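Grab your viewer and try each one before reading on.

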Amino acid sequence: MTKKNVYYSMLFLFFLACSKKEPAAPVWLNATDTITLPTDTLFFSSSIKKEWKACLLSFVQPVHLELKPGAEGFIIYLKEKTGIIEGPAQLVLQYNDISFFYPIQFRNASPGLITEKDYRSPKTVNPDSSLHQHRMLYTTDQWRNLQLLRKSTAFFAENITDLTTQTGIYPAQKNNPVTAFYVQPGSVKNIQLYASYQPSNNSYTVETGQLKDAYNNTVANGTNVVFSYWNKNIVYKMEALTINGKASVKIPAAEKGYFIAATIGQYSSPTITVSKPS
Amino acid sequence: MPQSDTYRLWDEYKGKKLLLVALSLALLTHGIIIYFTLPKTYDAFVHIFFADHYARFWFEPWEYRWYTGFLTTSYPPMVHQAIALISKIFPLKIAFSIYAILIIELLIIGVYRFSKLFFDKKIAGIAAILTVVLSSVIETLHVYGQMPTLTGLAFLLNALPFLYQYIIKQKLIYLLMSLSFLAVTVSSHHVTAIFGMVFFIAPTVFMALTDDLSNKGQAHKLPGFILAMIKTAFLKKKEILLFGILMIMLAIGLIFPYWYWSKTDPITQVSIPHGSRDNFLTHPASGLVFFVIPLMLIIALLPVISYYITVSRRFLAWAVSFFLCLLLGSGGTTPIPKMLLGDNAFNILTLDRFGFWASIIAIPFIAKFIYTFLYASVKEFWVKRFNTKTHFLLSASTGFSYLLFILFIFHLGSFRPLQPKEIDIDPMLNFLNRDEHMRWRYLTLGFGDQMAWLSANSLASTVDGNYHSARRLPELTSRPVERIENAKFSGVEGLASLNDFLCNAEKYSLKYVFSNDRYYDPLLYYSGWNRTIRLENGIMVWEKGNISTIQPIQPKALHPLLKKAWGIFPLSSLVVVFMLTIWYLKKFKSHDYTDTVPESSDKHPVVVTYLSSLLPLLFSTAFLMNQVYELLLVKEQDSPKNAILNYYNHLDFQRFEKAFHFFQPSPTYPLDQYLLEKSVTDGGLLPSYAKLDSIHTKELFRSKDIANMQVYTRWRTSLGFREKKDTMQLIRQDKKWYIIPTTYTPEIPEEQVRSYTYTLFKRQGKRVISSFPTVKDDRVKKPFAVFRQVNFIRNGKDNFITGEILNADDVPVNFALRVQVLFADNSKRTYFPGIHFQYNLSPKASTFFQVDLDNTHLLDSLHIKSVSVYCDTDVSERGYIHGGTPGFSVTALKNNRIQIHTSLYNELPTEINIPGILVAEKDTEGTIWQTKLLLHEKSARSGLHLNFTHELQKIQQKAQLLNQIPLTVFINGQSRNILPLLKDEGANKNQGIALMSHCFISQEIYLQ
């Protein structure tokens, strides 16, 4: 064997001797099922005190933790870690490429600002279809963690509510416009027509009566009214939108006058006639 | 030192000096102007867009912003990557300009080196200067902006001298240098590389073999020459083969992903018409742009070029190449190019590039003639025959007229605008960036190539694009349409393509249209698009409701190694050539580089001398005079027909003052009167939203001074062609024909002031100011709607769904209607309504609709299982005022034809620009058999009546109502019942016709 080969063999043996010792799993001295942030401090015992990294892994967020060497091993501080989404998580301790997992639950020490949610569906109702609402209640803390409902042991409450037939905007929670729901007017039930000749501009003014739905609500602003007016030669269709429950049009006057009817959706008015006063 | 050598040294020095002059001149001319001509070029913005792609995603060839996604491996990347690198320091436009300047300088050096293969350095120097002012180069740079073509050519020309030396001297360094330059050509422009092999490399090899043969001192007659050439080629087979094999390896290896793409995803689209393929004799405008302007000097000097290029055997292959290129560049003027290239290549390639190459081949010969004309034999000829002064005058006037011609080309984009005016894109970028507008696709209309500039600056995506080879959407590839953006220039096919996208917007998540051309307004409006906002730059944003956001599309798979290769190899070729050139210049550049190039004779036949001396002056002067004549001296009123044609031409381009001068001069009919009458009579679909497509006149009566003419016009509107017939009376005064204005008596409304009341709606959002997606609280409920009736109608080969839908809610509603047909094999087809529908309705309003399906043969062959009609609703703030009060009566004609006489009363305080009615043909029970949108071409003024008549073919006697096919309807995804059918007494009294107003009002306050 040449000298060179001896050196290479020795170098190879040196490499073999350089394998790293794997650390044992650190022992959690004050082990618990639930960690509360930011108040808790976690103590671990380990022969290796430095070069550890710690992290809390939940289903939505990784929380990196501060770690300091201690008398028996190391200590993990949760200070300044606040406002998390609570739930099951893993405490992960990492030393180089080796990781140790400790299943835990974690929660916030304080819920912060409590918000009560009151969801209504549908938010907009119309007497033509239904006057019922599906209501769901729940409460969340400042960080959108579910909290128990006030004076209850449940997280959710749901019910079907009957709504008033009167149109309006009804906030589900006081001073919270986001929770508002709406009762809108339904379809018109009765259309009255009035027409008169206006000599000042040689036209007929045709106006509907107050248009209301089955519950006496005034129809919505902007409701399309089609005024049909005809004589034996020609049929005209003029459209107008309601304002405050009424719609009106001005029709250029014809010598022989017109038959006039108004239609809203499926409903039509009785036909009336107009003509220039002789 | 012998005297001849002393002269040669001087010539060499002079050659380089001229090269420096050329480089400086290029900097002063092209360098200064490029930044300003760039926005007006055809292609610059496309290359900038590609550069932007590489600047953002260097190793990711999938570009999602055009055509719903395409691979950038469809175009060699070197140029774009180089610009992308420069753009890391400078803005994109400046980066492009810097790159263009570098390339034009390199091209000049290339021409100089290329010309040294033909003649001495002095002539090469003149060739370099000529390149700066050669019309084909100027057009390619400043009109077309074809940077890859110029880059490919610049490197190709620089490679040729090395190849020549390699064939003659057989030194590997020359092989290495030629291949390195050719590698950049391959990486820049594949077409230049492929055709360069034929038109440049083959003649260079031939010339090298000829020179090698003559250097051996062997003189041959033609048969002997051919044999000797074959023998020489055989002796050089190793060099030729080695070069050929390495070249092919480079061509494949460097841009392998491109070849892979073209093999795996071949281009199958319908050929797009291009002016360079026209017959230039029947399409003089194409001939001017693609042949006359780039090749003016070449055509003028054709006698001398032909003489030089054929007089020496060493140019024989160049002669073939030159004439072939010239022939191919002549497009469809003769059938020969199509025969040579084959139908497929002829219809894909733009043939002007062949003319461009012909002009490059001609440069050394033109330079040689310029030299002899200014300093040598031709000058002596003129001085001897006439005198020095004549020669000087001829030289000066030729030079001056040619420079004027060049100035014209520099500003061609201004004289004959190829692009719309420059658009400020910032307002559009702001619009796309806010409120998550990027989650939908957009479309530009009337932007020209600036659409690529907008794309380059935004991460939002459009369904359109500006790189035709990458298009794969059937709506684009099945029609000969360049871009949807300029659909109006592609005739019926273009508008059909645009119509497909506008109606099937949901399929491509197309929600926004940026319109820079009101020509498209009628089509947009009647296809259910609403004007949303006019941006600060005047661009109108149109929006369609109920469109889903972009769904993720799986990019076409490409191996990661190919992606890396695409990002590294092509640009590396540029780095390698740069380093090799420095190495070569330091170590290998020899002074006797061109010693194998034989000297050439200055003598020409007298005819060639005369022709070539005079034709350039004649041609450029004639060209300029023609331009001046067209601009200033055309007699527009020398005959009644010309007067009418030119009057309509001015009218079409809205040059009203010029159009006015065609009317008989009269103190009672001043310009004011004309404009006033025009303003009250001349609005509507034809005057405001159409382009004149064709005009034909017929003389009804003609005396010496009076003529009555019938004028038949065909107008191209975004809703199809419209025809019109007018009669005009003309009178002759002072040798000019004038139109006699028609007397106009306007309808005068009785009111002094008109009022109209309507209700506006605003969707009041509750959104918290946050960049998080909309939360549930902010959702506005889907409004109620109900189908009054839905029918499946078959009329011969046509099938359609007709019906009526009602807005049952208290808010205005935007409808998205679609019909889904399920076939026996469980396949589905989806159809969208076109223009026979009102897409927006105010509360409790209803509309008829018709959705056209496929033809009977197709539907029957697939066997329909069921039909579903889906309607999605959305709260609308716009579009619910359809304008006007239509009064109508119906007259029955023969064969189930009817005439609908409409008297539209405009009660609104604004003009109705396009009066229209949506007509439904009903039977006695109220079933709708067909729905049609009928439009009138003239506008209706406020407070006035407008009468028009349409004919309609009734179909219920021969069509079928297909009740046996199950039909279900859905509102907002939920199955609903159809309301009971009601008889329509009104329709029954009017031949079964019901109608409603469906007008377009351009005043934006009417919120359409």
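**Exercise 1.** Find the residue that stands opposite His132(A) in β13(A).

Solution. His132(A) faces Asp162(A) of β13(A). Next, zoom out to the strands: β11(A) (residues 132–140) and β13(A) (residues 156–162) run antiparallel, with seven bridges between them. Strands here are DSSP E runs of at least two residues, numbered from the N terminus, and two of them pair if DSSP finds at least two bridges between them.

A word on ground rules: this is a predicted model, where local features need pLDDT of at least 70 and side-chain atom pairs count only at pLDDT 80 or more, while totals for chains, interfaces and linings use all residues. Residues are numbered from 1 along each chain as its sequence is written, and chains are lettered from A and ligands numbered from 1 in the order in which they are written.

**Exercise 2.** Which residues are bridge partners or stand opposite each other around Thr139(A)?

Solution. Start with β9(A) (residues 115–121), joined to β11(A) by seven antiparallel bridges; there Glu116(A) partners Thr139(A). Then take β12(A) (residues 146–147), which pairs antiparallel with β11(A) over two bridges; here Thr139(A) sits opposite Gln147(A). Finally, check the hairpin of β11(A) and β12(A): five residues separate the strands, and Arg144(A) has a positive phi near 65 degrees.

**Exercise 3.** How many residues does each chain bring to the contact?

Solution. Chain A and chain B bring 29 residues each, counting C-beta atoms, placed from the backbone, within 7 Å. On chain B's side, β18(B) gives the largest share, five residues.

Note on methods:
Two residues are in contact if their C-beta atoms, placed from the backbone, lie within 7 Å. Helices (H or I, at least four residues) and strands (E, at least two) are DSSP runs, numbered from the N terminus.
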